[in-house]
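This briefing is for a reader who is meeting the structure for the first time. It goes through a few local features, one topic at a time.

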Amino acid sequence: MLDVLKVRIYPNPQQKLALVRNLGCARFVYNYYLNKTNNQYLQTGKGMKYCQMAKDLTQLKKHSDYEWLTESTAATLQQSLKNLEVAFKNFFEKRAKFPKFKSKHKKQSIRYPESCSIRNNGLKIPKIGIVKAKLSKEIKVIGKIKSVTVSKTSTGKYFASILFETDNLTVNKEPKISGIDLGLSNLVTVFDGEKSYKVDPIKPTRKYAKGLKRRQQKLSRRVKGSRNRKKAIKQVAKVHEKITNTRQDFLHKLSRKLVDENQIIVAEDLCVKGLARTKLAKSIHDAGFGMLLNFLGYKLEREGGKLVQVDRFYPSTKTCYCCGFKNDLIDLSVRDWICPSCQTHHDRDENAAKNLRAEGLRLLSTNTAGQTEFQACGETVRLVNTCIKKLASMNQESPVTLR
Ligand SMILES: [Zn+2]
């Protein structure tokens, strides 16, 4: 089984220079062949395949004008071409937009498909040497390293995503199923069949709003093209980064906790994009529903569990969990209510989580041929798992990044 560990690395000035050069070469190769394949397409109606580009690159490196390309690890440049081929494939299969030229002011990365290792509390990278890294205890369980992707953020931080083989992730757990209700006042309300609990949301956008506004104003006063303007741009980017990191960190921890506790999680299939267009956009974005579902989906999958998503038109909030009465008087402002039919007092979110769990179990037990079958609670059940991929592609977060 393969897993990924993302660590921050601290290259010394010399290593930084070498990495920046290698990033530059990889970017150049990507852009050069993007341009070349575009031109070839215009002339012949056919783009370039990876093999063709790789052969061409070998010749290009022999040319005196492009000799500097040989300073970089050859494998990282080939990887650049592979990325380009994938970008085209994604475009033709309608998963992505047409490949764009890479800019050096955005996040950049290079992939080392071989020859990386953990040495003396650092990461050994070909032609760079041993780079100081923030290695946790987890690193000790690392098996064979398959590849390392080094990235540089727009704010100048370096990270390494280490892809490695492992066999200690398959933990046998009692299958436990929880329903989770997503909301703005309580980010998640979890019901595991016996008890329920709530998790409060964090609001990083609001928390950093003042600082962001101040920096944006400062930026608007700077003269275009000036050095101070560049500085101000970086400062604004830093606040955005802080907001994103705070949110991601929190959601990684929360999803980890939920995945540790459960094997199957039932959640609403929220149309996050649709919601983000409403008045509540900022709060929805801040809560990170889409990102949370994405994290839950891939973390569960990796550990043999599943995320079950219930159709968003299922009235989980309005239905009484005890008697099934549908109360249409409930809107967003109602936090708790008494069922007119059976007089049960309901906490709004708790009732929804209970309903979601029950609906998930119902979906799971409706067995249909041709669907993934899964053994849970002694029954062969079907899993409804349609929305994860969609959500995964909506998020920038790569589904293999592990925290
Ligand atoms: Zn009732």
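Helices and strands here are DSSP runs, helices of at least four residues and strands of at least two, numbered from the N terminus. With that numbering, Thr153 falls in the loop between β6 (145-152) and β7 (158-165). The model is a predicted one.

- Thr153 has a relative accessibility of 12%, and because buried means under 20%, Thr153 counts as buried.
- Apart from neighbours within four places in sequence, Thr153 is in contact with Lys107, Phe159 and Glu241.

**Helix α2**

- Helix α2 covers residues 50-62, and its 13 residues should span 18 Å at 1.5 Å a residue.
- Tyr50, Met53, Ala54, Leu57, Leu60 and Lys61 are the buried residues of α2.
- Viewed down the axis of α2, these buried residues fall within an arc of 120 degrees, so they line one face of the helix.
- An α-helix has 3.6 residues a turn, so residues three or four places apart point the same way.
- Cys51, Lys55 and Lys62 are exposed on the other side of α2.
- The cover over the buried residues of α2 includes α1 (13-44) and α3 (74-92).

**The zinc site**

- Cys320, Cys323, Cys339 and Cys342 coordinate the zinc ion, each through its SG atom, at 2.3 Å.
- The four donor atoms subtend angles of 107 to 112 degrees around the zinc ion, so the arrangement is tetrahedral.
- Along the sequence, the donor residues follow the spacing C-x2-C-x15-C-x2-C.
- Cys320 lies in the loop between β12 (306-310) and β13 (336-338), while Cys342 lies in the loop between β13 and β14 (345-347), so the pair ties together parts that are 22 residues apart in sequence.
- Cys320 is buried, with a relative accessible area of 1%.
- Cys342, in contrast, is partly exposed at 29% relative accessibility.

**Aromatic rings**

- A pair of aromatic rings is described by the distance of the centres and the angle of the planes.
- Counting rings whose centres lie within 6.5 Å as pairs, the model has eleven aromatic pairs.
- One of them joins Phe28 and Tyr32, which form a tilted pair, 5.5 Å centre to centre with 35 degrees between the planes.
- Both Phe28 and Tyr32 belong to helix α1, where they are four residues apart, about one turn of the helix.
- Phe28 is partly exposed, with a relative accessible area of 24%, and Tyr32 is also partly exposed, with 22%.
- The ring centres of Tyr32 and Tyr33 are 5.0 Å apart and their planes stand at 70 degrees, so this pair is edge-to-face.
- Tyr33 counts as buried, at 0% relative accessibility.
- Ring pairs link Phe28, Tyr32, Tyr33, Tyr66 and Trp68 into a cluster.

- Asp260 is part of helix α6, residues 227-261.
- The relative accessible area of Asp260 is 44%, and Asp260 is partly exposed.
- In sequence, Asp260 and Lys299 are 39 residues apart, and in space they are 9.5 Å apart, C-alpha to C-alpha.

Key. Residues are numbered from 1 along each chain as its sequence is written. This is a predicted model: local features need pLDDT of at least 70, side-chain atom pairs count only at pLDDT 80 or more; totals for chains, interfaces and linings use all residues. Side-chain values use heavy atoms; hydrogens and water are left out. The expected span of a helix is 1.5 Å times one less than its number of residues. Buried means under 20% relative accessible area, exposed over 50%, partly exposed in between (1.4 Å probe, protein chains only). The arc is that of the directions from the helix axis to the C-beta atoms. Contact means heavy atoms within 4.5 Å. Donors are N, O and S atoms within 2.8 Å of the metal (3.2 Å for Na, K and Ca); water is not among the atoms, so sites may look incomplete. Four donors count as tetrahedral if all angles lie between 85 and 135 degrees; four count as square planar and six as octahedral if opposite donors are over 155 degrees apart and all others between 65 and 115; anything else is irregular. Rings of Phe, Tyr and Trp (its six-membered ring) pair if their centres lie within 6.5 Å; planes under 30 degrees apart count as stacked, over 60 as edge-to-face and the rest as tilted.
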